Amino acid sequence: MNRETKLFALTLVASFTCSFAGAAALEPISVSSEDKYPAPRWIYGFGQPPKEGTETVTQLAAVKAAQVKQNYKACVDKARALKGKAKSLAAWLTVLEIECAVHLEPSAANANVLARALEVTEKNGQWLVMGSQASRLRETVTTGYQVLLEQDIKTNRVRAWTDVDQLESLSAYLDDAKKARLWRSAGELAFLQQKPEAARDFLRRSLAAVESDDVRTRLSVIEAAIAGKSLKEIEAAAKGGSGKAVNTRTSPPAEASKEELDLVERVTTALRIGDFVPAMEDAVKLIREYPGGTRAKWASDRVLETVSSLADRVEPKYESLREQIVAKLSKADSDRLADWARVFYNRGQYLDSQRLSKKSLDVMDGARRTPVLELQAEAAIAVEDWDAAQAALRELIDRHAGQPQSREALLRLGLLKYRQGQHLEAIANFERLLALSRIEGYELSALYWLWRSLQKAQPDKASAVADQIMLKFPFSYYGLRARAEIGGKTLEWSAKKSTTEAKLWFTGAERIAWEKAQLLIRSGWIEEAQAELRELPVPQRADEKALRAVIWAAAGGYGSASRLANEAWDEKAEFRRPPFTDAAFPRVFDEAIAHEGKERKL
């Protein structure tokens, strides 16, 4: 039975076992907002690991603390010793054991330590294909065998070939870089054992995975040796006769017509003497007439360099020069113009971006116009060309009805009108956007700027919109701004204490993941706890979302905690209170923030 078949069989057995276990123990788990979890502050570099709790929690915390403090020998020893006591976490303990063993100082003794840790995964192949640890364990095991192979090449060449076999059996989990590293090591091992033909073949496999100048140079040396060349010729193959290692890859010179080469020469000469306008004219001609050649890319790069070099020159003569250059560039194809416009926008050259995107739109049609219209609007706003911005936004609105581009353009046009002091027109755009059926990503922004516009034009209607913002988005930035402004710059919520309880129904496998997560959280194994929590089903009820938010926060998964808490209190306002607000806005870094703020006088 090969390794893959064995792993598949183990997976089936384990899954059936979990299914029967779950069917026999289908009981709810009671969760309460009063449940206490220690904050894993020490993992982030301040505070101490837990010293109280069960013996298992204390010992697990000691393993993790050894890893965090880079005391790798203690980490290996403690993880190995604990496996017999914490059997449900044996897979996670093996992950840490291998991760720490990889960092031990290279030596024959430490290579044996690493090999012993890796052997555990050979006996428990199901860990690589199922369970919350599977993905991380595969990464850890393949890295472990790579490190072991490289150490064994120096100290245990008999075992080194076993390492090669193990890595090859795990090839489904190796990316190209790891495959290249494997076959390079195999090539070195074969060469050391005086098998140059095998070394040559393994190095070729390495190059097939990832091209490397070093490996190719090494291959050239071995091929020279196989061909029976002299030592001098072999050295020349490695150093090219100059004393320096060279890239042995050869490529024929790129073919080109005389006309193409003449254009290249004219661009080069014009740029050298600072004659930019004819240089750009010839560069565009080169791009248009030879678009598929390598020199078209070269010419495009010269355009970008030239325009960028003139971007900061504010003298009138340079403004005129830029206009002449843009006139020459406008003869390029529309897609090239759009590409240049995007590059210039990203570099902060908004005027150049606006000019070129406008030229591109003049000759572009169809769906390709959409991203260029968006770019034109952004660039025009940046240079305060309101007419051009409005024209682009209105085309997006009119020709993309029902699409995100239209909704985005409505919001931007409303903001543009607000900025220009045209508050009634701004109100009309925001109200039109809010009347649409699918605006989840724009509702808050549209409401907020509708409120601000109403404050300017129709104050009697503004407070109702502010109330709506505070009700629907109480903890958003805009919601907090509204509450602070209306409440006299104070932000207060009811501190009323009440207990929320829920019963969670899990299958057998999910229940095991839940119990492991609880143990890992209390031990400070936050990444591992998060992996176990991801094995659980997505919560459906508001109370379950709120309680799961607290658990995610305890596991250091603050993004998930904030998302779940927000979903819970959007469904039921009663969850807008501690401990759910604490989960969404964690205070675990308060000390670090206060310290850094004081240091920087913030």
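In helix 3, the residues Y72, A74, C75, V76, A79 and L82 are buried. The model is a predicted one. Among the elements that cover these buried residues of helix 3 are helix 2 (55–68), helix 4 and helix 5.

C75 and C100 form a disulfide, with their sulfur atoms 2.1 Å apart. The two cysteines come from distant parts of the chain, since C75 lies in helix 3 (residues 72–82) and C100 in helix 4, a separation of 25 residues. A search of the whole structure finds one disulfide. The torsion about the S-S bond of C75 and C100 is about 75°, so this disulfide is right-handed. Both ends of the link are shielded from solvent by the criterion used here, in which buried means under 20% relative accessible area. C75 has a relative accessible area of 0% and is therefore buried. C100 likewise has a relative accessible area of 0%, so C100 is buried.

The axes of helix 4 (residues 90–102) and helix 5 come within 9 Å and cross at roughly 155°. Angles over 145 degrees count as roughly antiparallel, and helix 4 and helix 5 are therefore roughly antiparallel to each other. Their crossing is left-handed. On the helix 4 side the contact is made by T94, E97, I98, A101 and V102, and on the helix 5 side by V113, L114, A117, L118, V120 and T121. Sorted by class, the contact of helix 4 with helix 5 has eight nonpolar, two polar and one charged residues.

Helix 5 also packs against helix 6. The axes of helix 5 (residues 108–123) and helix 6 (residues 134–155) come within 10 Å, and they cross at roughly 145°. The crossing of helix 5 past helix 6 is left-handed. Helix 5 contributes A108, A111, L114, A115, L118, T121 and E122 to this contact, where they meet L137, V141, G144, Y145, V147, L148, Q151, D152 and T155 of helix 6. By class, the contact of helix 5 with helix 6 has 10 nonpolar, four polar and two charged residues.

Definitions and conventions:
Residues numbered from 1 in each chain as written. Predicted model: local features only at pLDDT ≥ 70, side-chain atom pairs only at ≥ 80, totals over all residues. Heavy atoms only, no water. Axes fitted to C-alpha atoms, helices over the stretch in contact; angles between N-to-C directions. Helix = DSSP H or I, 4+ residues; strand = E, 2+ residues; numbered from the N terminus. Left-handed = near helix turned anticlockwise from the far one by under 90°. Contact = heavy atoms within 4.5 Å. Nonpolar A, V, L, I, M, F, W, Y, C, P; charged D, E, K, R; others polar. Parallel < 35°, antiparallel > 145°, perpendicular 65-115°, else oblique. Disulfide = S-S within 2.5 Å. Buried < 20%, exposed > 50% of the residue type's maximum accessible area, 1.4 Å probe, protein only.
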